[in-house]
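Please read them with the structure open.

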Amino acid sequence: MAMKSETGKTGRLYRLSVWSVRRMANALPVLAVLAAIVVLWYAGSVAMNAKWAYAQAERAGETLSLSQLIADTQSQNRPRLPPPHQVFAELWDSTVEKKITSKRSLVYHGWVTLSATFQGFALGVSVGILMAVGIVCSRTLEMSLMPWAIISQTVPVVAIAPMIIVLSNSLGIDGRATPKAIISAYLCFFPVLVGMTKGLRSPDRMQLDLLKTYGASGAATFRKLRLPGSVPYLFTSLKVGIAAALVGTVVGELPTGAIQGLGARILIGDQFGNPMQIWAALFAAAILAGGLVTLIGAIQTLVLRRMGMEQ
Amino acid sequence: MNILGQNAVIDAKNLCLTFQTADGPVHALKDVSLKIGKGEFVSFIGPSGCGKTTLLRAIAALEEPTGGSLTVNGMTPDEARRNRAYGYVFQAAGLYPWRTIAGNVKLPLEIMGFDRAEQERRVENVLELVELQGFGKKFPWQLSGGMQQRASIARALAFDADILLMDEPFGALDEIVRDHLNEQLLALWARTGKTIGFVTHSIPEAVYLSTRIVVMSPRPGRIADVIDSPLPAERPLGIRDTAEFIDIAHRVREGLRAGHGHEV
Amino acid sequence: MTGLWGLWAAVAFWVVAWALNVRLANSAYRQARAVRIGVPVLFGVAILVLWEGIVTGFGVSPVILPAPSAIAAKFAASTETLWLDFSQTVLKGALSGFLIGAGAAFATALAVDRSPFLQRGLLPIGNFVAALPIVGIAPILVNWFGFDWQSKAAVVVAMVFFPILVNTVQGLKEAGRMQLDLMRTYAASYPQTLLKLRLPAAMPFIFNGLRVATTLALIGAIVAEYFGSPTRGMGFRISTEVGRLGLDMVWAEITVAALAGSVFYGLVAMLEKRVAFWHPSQRE
């Protein structure tokens, strides 16, 4: 008995160490590639900012040693390519150091973008699911709608973005959130539509025939079989959809003269020649995207586990 | 036994092969010694995990033995592989869907650098050998499972290696198709005189096809028994109802059962 | 009053078209090519007619929503400008960027092909970056490469690179264990295995990336123009015409963008049908 629990323990320890080794083995390459990117970035920042440093030195009638040159390229006020530490200093400064109510706080602008993303996501997901249900239920709808849904995605949204803003303004819809949400929904509904259609169609002949032998109605088949069967597909497409919704929101903020949101920070950073601000906003958007996809992933795990469908 | 050590085509002595896995080492093969002579049809049979596929893969240099010695045509398995000493048929046909049947059979010939006219000639030849003439222009997905597997045998025959290694080639097919292919395979073996190593988990298939049946048992994978078949070279399907056939099948089954005894 | 009659006519047309579509979609001919194309076309036409009917029927100001007929008239009247914008944005910016980006992604995928370590590092990062709003980099690249098409191409390169890279790397892993073993039994060399097995097997994945990239390419080229461009280009035209309330011209440009996007996508899809014809998703 004692022996057995002993081997059980070492076995567990062994498995645990195998598990952590595997984790390490997964993380190591990612860290290595990240490190390579950072190195390349620093090298690039030296190369791209050198011209300005030389020009400055020449104006002052000085010559630059290599170490002076490098030091200068890493600390310019308006570098062509800010090195990572400058970007992160800006990121730190505009998130932690600023009050979140401040117009200069990235947390504030991130929130503006986030809320528009959620609105667009909700709208896009609803439209996507409704269309999928319609398509699965009606052959006419499928044949009429599906080709146009595909074509809609080949149309560059940005071309439509200014239009949507003009339209919603003249229809008396105030504020910038609604047009942004519409653009965001435009990008987000398609993956949901495709995934949901696939999911609703995922039950096979045999499962459908079984319900037929029970004399189940169409509605019952839909509720008991098609809907639960579609959940894993839905979540997979939700992860794509939320990232697309964020892209849509930022795109919606870019060309439209918005003054709030991460896209607007990029716009304003461009107008005032402040590259650090652009880069910080880009990174904030990246962090937001990562967080959102992780969030959906966590909900997916939770829901699928409750439904007993985890892979 | 009529095989002399010197002209054995495949010669394994005390062959060991251990896999390192997360749950500790797995002894796939332990002290396997076996000689296969030219022109023999040897079947490997046993329950899953007995190492029959591993042995075949070791002969093909797809696995690295961890002990003992193994030669193929007097060379190391890897040298034999580089010399294109054998054709290998897998459990699934594994034809390339982007190539026609003829294109698939041509694949090894292209890789081995045969000239174009020779490629065409050989493709035609082997397709006839497996009774697929006229299907060369079809794509794999347009053919039945049995036809696909025949095409994959043609692919293994195309470059005319002396050895044919087959890993449960008919395992996924239904019994009627399987019977037919077994018959064809025997005819093909008679015509070409190739040395064949054949992995299966079907007792009738092993007895029907082989000159020798190697019964293997698991944990660790080893040879439990080697049974010489006294059946004549000419084997109509009806031979499976003869007392002789049933007797050999019985011996194979006994060997399998004895092998399992170690486990309990 | 005539306007309202027009509206009713449009609604009637819509109802008739929908009824026809229902009949067609549930008829015995629903698999026929003509029906499969005809039904969505009829649906599209019905929407245009409805749009026309609503705009004329309610007398919607052209500053808010021009009628399709007005857009068509504007389109016909300004083909020269539209072509100039099209060649600046699509041919010079999007297409060259698409080709450079796809080429670079493909080359990178091949370069890391022999290092599973780099692949395992690159895949998650590439997947992550592919989901980011990379368009945001447009002002920076316009700043670096100037106002002309080169900066647009650079934005497009940045946008299409990662989706194609990730798909190609993933695709090159597609060849199964057994297929690779088969190549080994032939003693095939690395380039032979790559050329005869792994690249063909990767094609459906590569085209997946290329299809996504077509849309991204147009988005990138147009957005980049909002941050500075010569006095031509679709993005430039749209932003200036919106400012002047020349909405018919904006819609004409949108039509060009839609056509360009669909044709571009269609071309890639056609090429895919020829190259990856064997994949189950391409067979019917």
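This is a predicted model: local features need pLDDT of at least 70, side-chain atom pairs count only at pLDDT 80 or more; totals for chains, interfaces and linings use all residues.

The points below take up one chain as a whole and then one residue.

1. Fold of chain C. Chain C has 11 helices and zero strands. Its pattern along the sequence is α-α-α-α-α-α-α-α-α-α-α.

2. Dimensions of chain C. The radius of gyration is 24 Å, whereas a compact globule of 284 residues would come near 19 Å. Along the principal axes, the C-alpha atoms of chain C occupy a box of roughly 80 × 60 × 30 Å.

3. Packing and surface of chain C. Buried residues make up 51% of the 284. Take the contacts between residues at least 6 apart in sequence: 73% of them join residues at least 24 apart.

4. Charges of chain C. There are 21 positive and 13 negative charges. Their mean positions lie 12 Å apart.

5. Setting of Asp167(B). Is Asp167(B) buried or exposed? Asp167(B) counts as buried because its relative accessibility is 4%, under the 20% cut-off. Asp167(B) belongs to strand S6 of chain B, residues 163-167.

6. Partners of Asp167(B). Which side chain makes a polar contact with that of Asp167(B)? The side chain of Thr53(B) does, at 3.1 Å. Beyond neighbours within four places in sequence, Asp167(B) also touches Leu56(B), Tyr88(B), Val89(B), Phe90(B), Gln91(B) and Val199(B).

7. A longer span. Glu244(B) is 77 residues from Asp167(B) along the chain. Their C-alpha atoms are 26 Å apart.

Methods. Residues are numbered from 1 along each chain as its sequence is written. Chains are lettered from A and ligands numbered from 1 in the order in which they are written. Side-chain values use heavy atoms; hydrogens and water are left out. Helices (H or I, at least four residues) and strands (E, at least two) are DSSP runs, numbered from the N terminus. Buried means under 20% relative accessible area, exposed over 50%, partly exposed in between (1.4 Å probe, protein chains only). Contact means heavy atoms within 4.5 Å. A polar contact is a pair of N or O atoms within 3.5 Å; within protein, one must be able to donate a hydrogen and the other to accept it, and residues adjacent in sequence count only if both atoms are side-chain atoms. The radius of gyration is taken over C-alpha atoms; the globule rule is 2.2 Å times the number of residues to the power 0.38. Lys and Arg count as positive and Asp and Glu as negative; His and the chain ends are not counted. The place of a charge is taken as NZ of Lys, CZ of Arg, CG of Asp or CD of Glu.
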